[in-house]
Amino acid sequence: MFATTPLRVVAVSAGLSQPSSTRLLADRLAAATRERLTAEQDGTGRDDRDVEVRVIELRDLAVDIANHLVSGFPSAGLREAIDAVTEADGLIAVTPVFTASYSGLFKSFFDLIDHTALTGKPVVIAATGGTARHSLVLEHALRPLFAYLRAVTVPTSVYAASEDWGSSGDEYTEGLPSRIRRAGGELASAVLGRTVSGASRAPGLDDGEDAVVPFEQQLADLRLD
């Protein structure tokens, strides 16, 4: 039986300006995820599924979000955006850094989502800011938020400071493009069921066996993004 339901990846961008570096980062993460999802399917057509990518711009929903917070009634557009997020196979969440945390618009949107609606959903968290000094916002703000929502954040988070755009890194640090590819690959693997809550499949000596890398070992191998 051929699979017909597409894999749905939704990116939420809380950027306010236009053009927006936050939207650009969301687009690049979505493209990396799509590329890996397409590449990791077997290519025979037997089990392959189309990949649908959608980016939700919260700036376009700002008034609807505020109205919903005070009235309890979402507009049709906001309801459709919330449904897209909760029904996605994989989620990318990107916010600009405001006052050393996520933006109020970003938090207000996720406040409208039921705290169990993202249970088990794989998520890439990402942020943009003017300086690398704010990169810890990913760990002290975004990761706890999605832990509360019971989502499964992939190990690699992506922070893009102003100087990261156009930089390929150096011998000591990965550049932004490689971090985007790594995060997109982890999300794609999670969507395809090849990772499970803090452990990922690693190739073993016997192809018939699934070797699992403990979460603690993964953390030891990761650099702070």
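Modeller: Before we start, a residue is called buried when its relative accessible area is under 20%, exposed when that area is over 50%, and partly exposed in between. Please also keep in mind that this is a predicted model.

Biologist: Fine, so with that cut-off, is Asp164 buried or exposed?

Modeller: Asp164 has a relative accessible area of 17%, and because buried means under 20%, Asp164 counts as buried.

Biologist: And which residue does the side chain of Asp164 meet in a salt bridge?

Modeller: Its partner is Arg179, and the N to O distance in that salt bridge is 3.7 Å. The pair links distant parts of the chain, since Arg179 belongs to helix H6 (residues 176-191), while Asp164 sits in the loop between strand E7 (158-161) and H6, 15 residues apart from Arg179. Arg179 is buried as well, with a relative accessibility of 5%.

Biologist: How many salt bridges does the count come to?

Modeller: The count comes to 10 salt bridges. As a general point, side chains of opposite charge can pair when their charged atoms come close.

Biologist: Let's go to helix H1, then: where do Arg23 and Asp27 lie in relation to each other?

Modeller: Both residues lie in helix H1 (residues 21-40), and they are four residues apart, which is about one turn of the helix.

Biologist: What about Glu139, which residue does its side chain meet?

Modeller: The side chain of Glu139 meets that of Arg143 in a salt bridge of 2.8 Å, N to O. These two are separated by about one helical turn, because they are four residues apart in helix H5 (residues 137-148). Glu139 counts as partly exposed, with a relative accessibility of 30%.

Biologist: Changing topic, at what angle do helices H4 and H5 pack?

Modeller: Helix H4 (residues 104-111) packs with H5 at an angle of about 5°, and the axes of the two helices are 12 Å apart. Angles under 35 degrees count as roughly parallel, so H4 and H5 are described as roughly parallel to each other.

Biologist: Which residues make the contact?

Modeller: On the H4 side they are Phe106, Lys107 and Phe110, and on the H5 side they are Leu142, Leu145 and Phe146. Sorted by class, this contact of H4 with H5 has five nonpolar residues, one charged residue and no polar ones.

Conventions: Residues numbered from 1 in each chain as written. Predicted model: local features only at pLDDT ≥ 70, side-chain atom pairs only at ≥ 80, totals over all residues. Heavy atoms only, no water. Salt bridge = Lys/Arg side-chain N within 4 Å of Asp/Glu carboxyl O. Buried < 20%, exposed > 50% of the residue type's maximum accessible area, 1.4 Å probe, protein only. Axes fitted to C-alpha atoms, helices over the stretch in contact; angles between N-to-C directions. Parallel < 35°, antiparallel > 145°, perpendicular 65-115°, else oblique. Contact = heavy atoms within 4.5 Å. Nonpolar A, V, L, I, M, F, W, Y, C, P; charged D, E, K, R; others polar.
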